[in-house]
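Student: I have a model open and would like to learn how to read it. Could we go through it feature by feature?

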Amino acid sequence: MPAKKTTKKAAAPAAPKGPGLGKKFCPECSALIGARTTTCPQCGHEFMTKSKKKNDSGQPAGEINETAFIKVMAGRGFDFQRLRNELTGEIVKDVKDPKIEKLGLRFGSVPKNADAIYVTQTTPQIQVSMSLDKFLEVAGIKP
Ligand SMILES: [Zn+2]
């Protein structure tokens with residue numbers, strides 16, 4: 001019995017290569033949306049505008065510095081104190097909440113073999129990435 005072949009091509013209009021003028025595809029859900037749309041109506045994906053790609057400190061997108069993280073966590077009620085000598089720029093007092101300190105957080109992009117907990121910024125959220133082993137350890141889950 002010959003294999004059924006469905007080589008019959010529908011007379012579809014030639015598919016355009018790109019999304020077309022004034023349109024773009026959402027990288028999350030592939031929805032075709034207006035080029036100027038900043039938030040995907042399908043999935044809520046946020047497009048970064050050119051002015052948002054770099055923050056004030058000139059860090060690449062996806063990076064977060066520890067100072068920014070500490071500010072956020074201190075705002076949430078965690079015990080963080082950092083005092084800097086105005087003249088030398090030296091940190092003279094650096095108190096980290098032990099609950100956060102024991103996590104051994106690292107800041108920046110996540111390497112392929114992540115062995116610690118990495119904090120990165122996915123505007124407007126902060127994303128925490130860790131290896132499965134680290135997750136089980138932090139979560140206190142044992143097989
Ligand atoms: Zn989308």
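The dialogue below takes up confidence, layout, strand pairing and a few single residues.

Student: What is the mean pLDDT of the protein, and what share of its residues reach 70 or more?

Tutor: This is a predicted model, and pLDDT is the predictor's confidence in each residue. The mean for the protein is 78, and 77% of its residues reach 70 or more. Over residues 52-59 the pLDDT is below 50, and beyond near neighbours in sequence that stretch has five contacts in the model.

Student: How many helices and strands does the protein have?

Tutor: There are three helices and seven strands. Read from the N terminus, their order is β-β-α-β-β-α-β-β-β-α.

Student: Which strands form the open sheet of three strands, and in what order?

Tutor: First the general idea: strands of a sheet pair through backbone hydrogen bonds, either parallel or antiparallel. In this structure the open sheet has the order 5-6-7, and its pairing is mixed. Strand 5 (105-107) and strand 7 (125-129) are at the edges with a single partner strand each, so one side of each has no neighbour in the sheet. From one strand to the next, the twist averages 35 degrees.

Student: Which residue is the bridge partner of arginine 106 in strand 6?

Tutor: Arginine 106 has tyrosine 118 as its bridge partner. Phenylalanine 107 stands opposite valine 119, also in strand 6. The link from strand 6 to strand 7 is a hairpin through two residues.

Student: How many residues lie between the strands in the hairpin of strand 3 and strand 4?

Tutor: That hairpin has six residues between the strands, and glycine 89 takes a positive phi near 80 degrees there. Strand 3 (residues 81-84) and strand 4 (residues 91-95) pair in the antiparallel sense over four bridges. Arginine 82 stands opposite aspartate 94 of strand 4.

Student: Which residue other than glycine has a positive phi near 65 degrees?

Tutor: Serine 30 has that value. Serine 30 sits in the loop between strand 1 (23-25) and strand 2 (32-34).

Student: What share of the residues of the protein count as buried?

Tutor: Of its 143 residues, 4% count as buried. For sequence separation, take the contacts with a separation of 6 or more: residues 24 or more positions apart account for 20% of them.

Definitions and conventions. Residues are numbered from 1 along each chain as its sequence is written. This is a predicted model: local features need pLDDT of at least 70, side-chain atom pairs count only at pLDDT 80 or more; totals for chains, interfaces and linings use all residues. Two strands pair if DSSP finds at least two bridges between them. Axes are lines fitted to C-alpha atoms, for helices over the stretch in contact, and angles run from 0 to 180 degrees between N-to-C directions. A residue is buried if 20 or more other C-beta atoms lie within 10 Å of its own, exposed if 12 or fewer, and partly exposed in between; C-beta atoms are placed from the backbone. Two residues are in contact if their C-beta atoms, placed from the backbone, lie within 7 Å. pLDDT is the predictor's confidence in each residue, from 0 to 100.
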